Amino acid sequence: MAIDKVFTYEELSSHNNRESAYMVIDGLVIDVTRFLEEHPGGEEVLLEQAGIDASGAFDEIGHSDDARALMKTMAVGKIDDSVTKASSSSEPTKFRTGAPTSTSISGILLGLVPVAAAIAFIVYRYLETQQ
C-alpha cells in the first residue's frame, strides 16, 4: 500500500479524540481509531498520544516486532517534518494546550481504585487479627 498523503503537525493535531485518533511514529501517520478498544495498554494510553508525535513513547515501551508490523498496517500517510527540522527542539511542536482532559483524569482515578482497595483490605485484615 503506497502512502502518498502528507500531513502537517497542524492537521495531525485535530485527530486527538475517540472519533479520530492519529499519531506519528517514526515519521508515519498512524490511524489508531479502530484499535483503541483492542490496545493491550488501554485506550487512554493511545488517546494521550493522539494528535502528536508518539515515537518516543512507542519506543520507550519496547513494543514487539508484531506490534511494529501491526502499526505499519494502520499507516495513513507521512508527516511533513520540515517544521521539525526548522525547529531548535528535537521534539515536534505539540499543538494541544490547556487543562488535562477528562480521559487522562479518569485514567488516573481508575488506577487509584485498585490501590485504595488493596490498602483497605490490608487494614481490615490487620484490624481483624488484633481482635
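1. Is Asp-26, at 49% relative accessibility, buried, partly exposed or exposed? With buried meaning under 20% relative accessible area, exposed over 50% and partly exposed in between, for a 1.4 Å probe and protein chains only, Asp-26 counts as partly exposed at its 49%. Asp-26 lies in the loop between β3 and β4 (28-31), where helices (H or I, at least four residues) and strands (E, at least two) are DSSP runs numbered from the N terminus. The phi angle of Asp-26 is near 50 degrees, which is a positive value in a residue other than glycine.

2. On the basis of the model: this is a predicted model, in which local features need pLDDT of at least 70 and side-chain atom pairs count only at pLDDT 80 or more, while totals for chains, interfaces and linings use all residues. Residues are numbered from 1 along each chain as its sequence is written, and side-chain values use heavy atoms, with hydrogens and water left out.

3. On confidence: pLDDT is the predictor's confidence in each residue, from 0 to 100, and its mean over the chain is 80, with 78% of the residues reaching 70 or more. Confidence is highest in strand β3 (residues 20-25), at a mean of 93, and lowest in helix α5 (residues 82-86), at 54. Over residues 85-90 pLDDT stays under 50, and for this stretch the model has two contacts beyond four places in sequence, a contact being heavy atoms within 4.5 Å.

4. On the overall layout: the chain holds six helices and five strands, and along the sequence these follow the pattern β-α-β-β-β-α-α-α-β-α-α. Of the 131 residues in the chain, 30% are buried. Among contacts with a separation of 6 or more, 71% are accounted for by residues 24 or more positions apart.

5. On the aromatic pair: rings of Phe, Tyr and Trp (its six-membered ring) pair if their centres lie within 6.5 Å, with planes under 30 degrees apart counted as stacked, over 60 as edge-to-face and the rest as tilted. By this rule the count comes to one aromatic pair. The pair is formed by Phe-7 and Tyr-22, edge-to-face, at 5.8 Å centre to centre and 85 degrees between the planes. Because Phe-7 lies in strand β1 (residues 6-7) and Tyr-22 in strand β3, the pair ties together parts that are 15 residues apart in sequence. Phe-7 counts as buried at 7% relative accessibility, and Tyr-22 counts as buried at 14%.

6. On Val-76: this residue has its place in strand β5 (residues 75-79) and, at 29% relative accessibility, counts as partly exposed. Not counting residues up to four places away in sequence, Val-76 touches Ile-3, Lys-5, Phe-7, Tyr-22, Val-29 and Asp-31, a list that includes Phe-7 and Tyr-22 of the aromatic pair. Val-76 and Ile-30 are 46 residues apart in sequence, and their C-alpha atoms are 5.8 Å apart in space.

7. Asn-17 is found in strand β2 (residues 16-17) and counts as partly exposed, at 27% relative accessibility. The C-alpha atoms of Asn-17 and Gly-51 are separated by 8.2 Å, although these residues are 34 residues apart along the chain.

8. On the largest pocket: a pocket is here an open set of points on a 1 Å grid over the protein atoms alone, where a 1.4 Å probe fits, with protein on both sides within 12 Å along at least five of seven lines, and lining residues have an atom within 4 Å of a point. The largest pocket has a volume of about 360 Å³, a volume being the space filled by probe spheres set on the points, which are joined across faces, edges and corners. Among its 20 lining residues, the closest to its centre are His-39, Val-45, Leu-46, Phe-58 and His-63. At least two lining residues each come from β3, α2 (43-49), α3 (55-61) and α4 (65-73), and α2 supplies the largest share, four residues.
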